[in-house]
Amino acid sequence: MKIMKPFLTMDKEQKTGTANKDTLQSEWEDLANMLTAFERYFLKDTAFINSDQISIADLLAICEFSQLLFISYDVTERHTKIEAWMKAVKAAIQPHYDAAHVRVFKVQKVYKDMPDKKLAKIHEIQFD
């Protein structure tokens, strides 16, 4: 996801490990628009993406949205259809969802505990 890039790269002009605020604001706006469009077009009248049965599209999309856990962004906030959809997808594929996202959950916990929230330090995380 494009929104991750400012968190993972250094702001070259400021020579800091923080994201450029203008770039980040633009990415947040793009993400908000994408989430609204996703709800409006893909979850309009169905439990899953354009269907009442889970498909590979649901698996791919939930993995993309789950990447935002790295930065503790909750895609379900203000998006009730996405929240219901994610719950349905997770329920349909458990325990595999949790098993596949163990590292994501670990990175999320580390990020929440970082005082300066610099994901550039992500390479230092030890995975068992």
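**Notes on the predicted model**

1. Start with Glu83. Glu83 is partly exposed, with a relative accessible area of 29%. Keep in mind throughout that this is a predicted model.

2. Glu83 has a charged partner. Glu83 forms a salt bridge with Lys87, and the closest N and O atoms are 3.7 Å apart. The cut-off for such a pair is 4 Å. Lys87 is exposed, at 55% relative accessible area. An α-helix has 3.6 residues a turn, so residues three or four places apart point the same way. The structure holds 1 salt bridge.

3. Now the overall fold. The protein has 6 helices and 0 strands. From the N terminus on, the order of elements is α-α-α-α-α-α. Of the 128 residues, 33% are buried. The protein exposes about 8400 Å², and carbon and sulfur atoms supply 56% of that area. Take the contacts between residues at least 6 apart in sequence: 61% of them join residues at least 24 apart.

4. Helix 3 has a buried side. The helix covers residues 56-66, and its buried residues are Asp58, Ala61, Ile62, Phe65 and Ser66. Seen down the helix axis, these buried residues fall within an arc of 135°, so they line one face of helix 3. The face turned away from that buried side carries the exposed residues Ile56 and Leu60.

5. What makes up the nonpolar surface patch? Ile54, Ile56, Leu59 and Leu60 form it, and the patch is about 360 Å². Leu60 sits in helix 3. With a relative accessible area of 55%, Leu60 is exposed; the cut-off for that class is over 50%.

6. His101 deserves a look. His101 is placed in the loop between helix 5 (96-100) and helix 6 (102-113). Is His101 buried or exposed? His101 has a relative accessible area of 6%, so this residue counts as buried. A polar atom of the His101 side chain lies 2.8 Å from the backbone oxygen of Tyr97. Leaving aside residues up to four places away in sequence, His101 touches Cys63 and Ser66. Ser66 is one of the buried residues of helix 3.

7. Gln94 and Pro95 are joined by a cis peptide bond, with omega at about 5°. Pro95 lies in the loop between helix 4 (80-93) and helix 5.

8. Two residues other than glycine have positive phi. For Asn50, phi is near 50°. Asn50 lies in the loop between helix 2 (21-42) and helix 3. Its relative accessibility is 51%, so Asn50 counts as exposed. For Arg78, phi is near 70°. Arg78 lies in the loop between helix 3 and helix 4. Arg78 is exposed too, with a relative accessible area of 69%.

9. Arg78 and Thr36 are 42 residues apart in sequence. In space, their C-alpha atoms are 9.3 Å apart.

10. Last, Thr46. Which loop holds Thr46? Thr46 lies in the loop between helix 2 and helix 3. Asn50 is also placed between helix 2 and helix 3. Thr46 is partly exposed, with a relative accessible area of 22%. The side chain of Thr46 reaches the backbone oxygen of Phe48 at 2.6 Å. A polar atom of the Thr46 side chain also lies 3.4 Å from the backbone nitrogen of Ser51. The cut-off for a polar contact is 3.5 Å.

11. Not counting residues up to four places away in sequence, Thr46 touches Ser51 and Asp52. Thr46 and Trp85 are 39 residues apart along the chain, and 8.9 Å separates their C-alpha atoms.

Definitions and conventions. Residues are numbered from 1 along each chain as its sequence is written. This is a predicted model: local features need pLDDT of at least 70, side-chain atom pairs count only at pLDDT 80 or more; totals for chains, interfaces and linings use all residues. Side-chain values use heavy atoms; hydrogens and water are left out. Helices (H or I, at least four residues) and strands (E, at least two) are DSSP runs, numbered from the N terminus. Buried means under 20% relative accessible area, exposed over 50%, partly exposed in between (1.4 Å probe, protein chains only). A polar contact is a pair of N or O atoms within 3.5 Å; within protein, one must be able to donate a hydrogen and the other to accept it, and residues adjacent in sequence count only if both atoms are side-chain atoms. Contact means heavy atoms within 4.5 Å. The arc is that of the directions from the helix axis to the C-beta atoms. Patches are made of residues with over 30% relative accessible area and no salt bridge: like charges are joined within 9 Å, nonpolar side chains (Val, Leu, Ile, Met, Phe, Trp, Tyr) within 5 Å. Accessible areas come from the Shrake-Rupley method with a 1.4 Å probe; for residues, only the protein chains shown count as cover. A salt bridge is a side-chain nitrogen of Lys or Arg within 4 Å of a carboxyl oxygen of Asp or Glu.
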